[in-house]
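Subject: Structure handover

Hello,

Here is the structure I promised to pass on. Please look it over first; my notes follow below.

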Amino acid sequence: MSDRPIVLLREDHARIATILDRLLAETGAKVVFLANRNGEQIAAAGNLSGMDPASLGSLAAGNVAATRGLARLIGEQEFSVLFHEGTRDHLHISLVCEDAILLIQFDARTTLGLVRLRVRRVSPELEPVLEEIRARSVALEGALLRSTGALAGITDDEIDALLA
Amino acid sequence: MTFINQAAREINCKIVYYGPGLCGKTTNISYIHDHGDHALRGRLISLATETDRTLFFDFLPVELGAIRGFRTRFHLYTVPGQIFYEASRKLILKGADGVVLVADSQEERMDANLECLSSLAANLEEHGADLHRSPYVLQLNKRDLPSAVPAPELIRLLRVKDEPVVEAVASRGMGVFDTLRAIIKLVLLDLRNR
């Protein structure tokens with residue numbers, strides 16, 4: 001039913017985490033959160049305590065999906081940047097490589113301009129990593145799943161035990 | 001779209017509950033949230049109208065434990081049932097690894113059930129998927145109502161292949177976890193067999 005499974009290897013996560021850590025420092029943001037288009041967390045930097053990553057990801061993905069629908073209604077392919085202004089904290093949401101959502105929470109300690117500038121500069125660093133992940137999943141699907149060890153050779157009994 | 005995070009040792013799958021308006025999709029998710037193990041389920045997000053009709057989606061992450069060292073997480077979504085929100089239904093369905101069609105057993109809702117089934121197949125096709133080859137469960141909800149159509153007749157009209165069929169009264173929890181287990185099993189088997 002679904003697209004091919006996407007597999008995030010440890011080395012992918014490490015590369016992305018390094019980029020996000022640097023982005024956090026350079027923007028002065030509170031949180032940098034990267035999710036796939038389904039809202040599942042790929043990596044994050046900053047203080048996420050008190051924030052539910054699953055909720056954050058799913059709402060961001062829903063937001064992006066709805067906004068994409070709006071864009072197409074008016075003849076645009078999509079709106080690649082969304083900005084939500086709060087009274088204290090703000091959210092900058094951008095699309096990276098069509099597959100990923102980059103969400104940045106920031107406050108008055110930095111500026112929207114600086115966040116936008118740093119995001120524009122970091123996107124070309126993230127894109128090749130995400131492209132590699134996607135290309136690998138397309139090319140190797142079953143072998144890739146087996147290589148991660150996930151679900152490799154699981155039996156019906158093991159699945160039934162999980163569901164018991 | 002299954003997402004396997006090797007670093008976090010997690011498998012993430014998306015399951016969508018589909019069905020006509022007021023058939024019990026949100027009731028299913030709410031029951032799972034209220035009665036599931038607190039340690040294994042997250043926050044329930046409901047984007048609804050003032051009259052509690054689903055406006056965009058409901059979302060509930062559930063975790064079933066580990067299998068071969070990988071935590072298995074399932075992201076449960078419902079779509080809005082009203083035809084008016086067809087665009088949103090299509091959006092939410094994208095990337096689903098498994099689908100539950102919640103059918104309303106009442107005789108007067110048969111047309112709505114059939115419309116929904118047709119819409120489901122069409123929307124999946126637009127996303128490049130085929131209902132006949134996908135993890136899919138049919139839930140016959142509201143079995144307790146006096147106008148409920150006999151199950152064999154509902155199955156004859158709504159079943160599309162050999163999908164599991166679960167009779168339910170979601171408002172009382174009957175069949176809710178059976179449905180969830182059935183679709184999760186199909187999703188995991190589908191993933192294993194790739």
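**Confidence and conventions**

Chain A has a mean pLDDT of 87, with 89% of its residues at 70 or more. pLDDT is the predictor's confidence in each residue, from 0 to 100. For chain B the mean pLDDT is 91, and 99% of residues reach 70 or more. The model scores ipTM 0.79 and pTM 0.88.

This is a predicted model: local features need pLDDT of at least 70, side-chain atom pairs count only at pLDDT 80 or more, and totals for chains, interfaces and linings use all residues. Residues are numbered from 1 along each chain as its sequence is written, while chains are lettered from A and ligands numbered from 1 in the order in which they are written.

**Chain A**

Chain A has four helices and six strands. Helices (H or I, at least four residues) and strands (E, at least two) are DSSP runs, numbered from the N terminus. Along the sequence the pattern is β-α-β-β-α-β-β-β-α-α. Among the elements of chain A, helix 4 has the lowest mean pLDDT, 76. Strand 6 (residues 100-106) has the highest, 96.

Of the 164 residues in chain A, 40% are buried. A residue is buried if 20 or more other C-beta atoms lie within 10 Å of its own, exposed if 12 or fewer, and partly exposed in between, with C-beta atoms placed from the backbone. Take the contacts in chain A between residues at least 6 apart in sequence: 54% of them join residues at least 24 apart. Two residues are in contact if their C-beta atoms, placed from the backbone, lie within 7 Å.

Five strands of chain A form an open sheet in the order 3-2-6-5-4, with antiparallel pairing. Strand 3 (41-46) and strand 4 (81-85) of chain A stand at the edges, each with a single partner strand, so one side of each has no neighbour in the sheet. Neighbouring strands of this sheet are turned by 10° against each other on average, direction ignored. Two strands pair if DSSP finds at least two bridges between them.

Strand 5 (residues 90-96) and strand 6 of chain A run antiparallel and are joined by seven bridges. A:His92 stands opposite A:Ile104 in strand 6 of chain A.

Helix 1 of chain A lies across strand 2 (31-36), strand 3 and strand 6 of chain A. This helix runs at about 35° to strand 3 of chain A. Axes are lines fitted to C-alpha atoms, for helices over the stretch in contact, and angles run from 0 to 180 degrees between N-to-C directions.

**Where the chains meet**

The contact takes 36 residues from chain A and 42 residues from chain B. On the chain A side, strand 1 (6-8), helix 1 (10-27), helix 2 (53-73), helix 3 (112-148) and helix 4 (156-163) each supply at least two residues. Helix 2 of chain A gives the largest share of that side, eight residues. The chain A side divides into 18 nonpolar, eleven polar and seven charged residues. Ala, Val, Leu, Ile, Met, Phe, Trp, Tyr, Cys and Pro count as nonpolar, Asp, Glu, Lys and Arg as charged, and the others, Gly among them, as polar.

A:Ala66 lies in helix 2 of chain A. With 17 C-beta neighbours inside 10 Å, A:Ala66 counts as partly exposed. Leaving out residues up to four places away in sequence, A:Ala66 touches B:Phe56 and B:Leu91.

Strand 1 of chain A and strand 1 (residues 3-5) of chain B run parallel, joined by three bridges. There, A:Leu8 has B:Asn5 as its bridge partner.

**Chain B**

Helix 1 (residues 25-35) of chain B has these buried residues: B:Lys25, B:Thr26, B:Thr27, B:Asn28, B:Ile29, B:Tyr31 and B:Ile32. Their cover includes strand 4 (54-67) and helix 5 (176-192) of chain B.

The axes of helix 1 and helix 5 of chain B come within 10 Å and cross at roughly 95°. That makes the two helices roughly perpendicular (angles under 35 degrees count as roughly parallel, over 145 as roughly antiparallel, 65 to 115 as roughly perpendicular and the rest as oblique). B:Asn28, B:Tyr31 and B:Ile32 of helix 1 meet B:Val176, B:Thr179 and B:Leu180 of helix 5.

B:Asp58 sits in strand 4 of chain B. B:Asp58 is buried, with 25 other C-beta atoms within 10 Å. Among the residues B:Asp58 touches are B:Thr26 and B:Ile29.

Best wishes
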